[in-house]
Amino acid sequence: MKTTRLTVTEKPAEKIDADLLIYCVAEEKNKAPLCDPFIKDQVEKAFDLKDFSGKAEEQLMFYPSSVRAEEKIKARRVMVMGMGRIEKEEDLSEVFDTLRKIGGSMAKACEKIKAKTITVCLPTIQNPGPEKTAECFAEGIFLGDYRFLKYKKISKKKGNYTGLKMIRFTCTKAVSSTRKGIKKGVAAARAACEARDMANEPGNGWTSREFADYAGALARTHGLTYTCLEKKDMKKMGMGGILAVNQGSAIPPRMIILEYRPEKKSDIILLVGKGITFDSGGISLKPSAGMEEMKYDMCGGAAVLATMQAVGEEKPSVGVVAIIPATDNMSGSSAIRPGDIIRHFNGITSEIVNTDAEGRMILADALAYGIKTFSPDCVVDIATLTGAVVVGLGHHYSGLMSNNDELTNRLVSAGKNAGEPIWRLPLTKEYKKQIESKVADIKNVGGKWGGTITASAYLSNFVDKTPWAHLDIAGTAWDFTEKSYIPKGPSGIGVRTFLNLIRYWEKGGLA
Ligand code: BES
Ligand code: MN
Ligand code: ZN
């Protein structure tokens, strides 16, 4: 776990010793950005030379000299960071993302100069105000400072940069709101980074066992209820989907459950995340090119588990239950065959036409079990479910299919405010028809076209009337839209969207 320290201080920024001191300035129309007297001279000179105007993420670096006005600056370097015309932007979610991107750019700049301690002089922005401004900055820096070094021995050598150690925010007004914001931003970012860590682990480093151990540890730390259904429990309960997917594997399957209940009676949100720790395709084997990326097929499960970490810390007013069906999809000699017929937890039988359509099989049991056991007020599942969603939406939007407009609206705005955009696709009876089987109740593939939607049509058989939404993150769980705070590789997508959903649940969502 990342150990970067973040603090808020009222001490004047220039008096604090640091590798780098960062000031943020807004872009003005036809004139130099307004700024602190300490940097005014440099900023105006740079503006006159057309080197710097204050556009979002634009940077100006200088080295305080001891013979000039800046002599009072204690930090070794000063960076002026542009924020663009931030007060002119009408869409608040765009402002949030600009602030996060600025934070991410700060982290990137620090990497370049190997800065370990920084001071960020927080700007005053009327809308969204000090708390949210601080939250977005902290989130962006923390997310942008992410790196996965566990398996690299050079990480231990001296001189290799391993990230920020200390981030000090300075502000003079609204100190307690600023603190609150920082805390929220760090909790969300830390959780998303945990999800990235889980995803970065290879198929032999993150199995159903590691998923279960992590959940157990979270439960102990935060007082959550932890249950793990083992293979024998699954057999007793008739969870034919996850058992079938696991048949070709040497590692046992696990259905991992974490419950958080607030003291006061409240709604319950059920989150279900696909935890395929490696997807070979099974007997319907995948092509070898790029198959190593299928270690990321557990990103839905990682998002759900990491969300529970932040939930455990924050103790929100709404109840949250998380379920992660976890196994790899392998082709051992006991593996399921194309044509096999299985029976899911709720009794529905399914003809397995393609063993590579395994995500829906494990999710089906988890959804039906979760809804029966916990009677949630809504359920959201998240999964790297189909290659088809990448064809349709590329790497920029997650796909959403749902039986409920209100839940859809909440998720779409939660995602928008998190910088994790979501696009709804239709889920109507035509698609359900595509998965009718001649020999069983349904079959696990629906033909060549509309694959993202037919996958969700499959899941719809396991949610009854419960308000339900399915997020297909196959295009966004890794290689998500490149931004300063989103690295190449796993993005940790879903975590911050879920936190927006949970934190503002009782208020009907964040505006
Ligand atoms: N995990 C894959 C989906 C996937 C593919 C995610 C590429 C990310 C990138 C899923 O289990 C799968 O194999 N889906 C099949 C379904 C098909 C057999 C109906 C797919 O999309 O090809
Ligand atoms: Mn598959
Ligand atoms: Zn898969």
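Colleague: How much area do domain 1 and domain 2 bury between them, and what makes it "buried"?

Modeller: About 690 Å², with 46% of it on carbon and sulfur atoms. That counts as buried because it is accessible area (1.4 Å probe) that the two parts lose on being put together, summed over both. Ser93, Ala187 and Ala191 supply 51% of what domain 1 buries against domain 2, more than any other three residues. Bear in mind that this is a predicted model: local features need pLDDT of at least 70, side-chain atom pairs count only at pLDDT 80 or more, and totals for chains, interfaces and linings use all residues. Residues are numbered from 1 along each chain as its sequence is written, and side-chain values use heavy atoms, with hydrogens and water left out.

Colleague: Where do the domains run, and where do those bounds come from?

Modeller: Domain 1 is 5-193 and domain 2 is 227-475; such bounds come from an automatic or database domain assignment. Nine residues from each domain take part in the contact, meaning heavy atoms within 4.5 Å.

Colleague: Why is the pairing of aspartate 91 and lysine 416 called a salt bridge?

Modeller: The rule wants a side-chain nitrogen of Lys or Arg within 4 Å of a carboxyl oxygen of Asp or Glu. Here the N to O distance is 3.2 Å, so the pair qualifies.

Colleague: Which helices each supply at least two residues of domain 1's side?

Modeller: H2 (92-113) and H4 (175-200). Helices here are DSSP runs (H or I, at least four residues), numbered from the N terminus.

Key:
Chains lettered and ligands numbered in written order.
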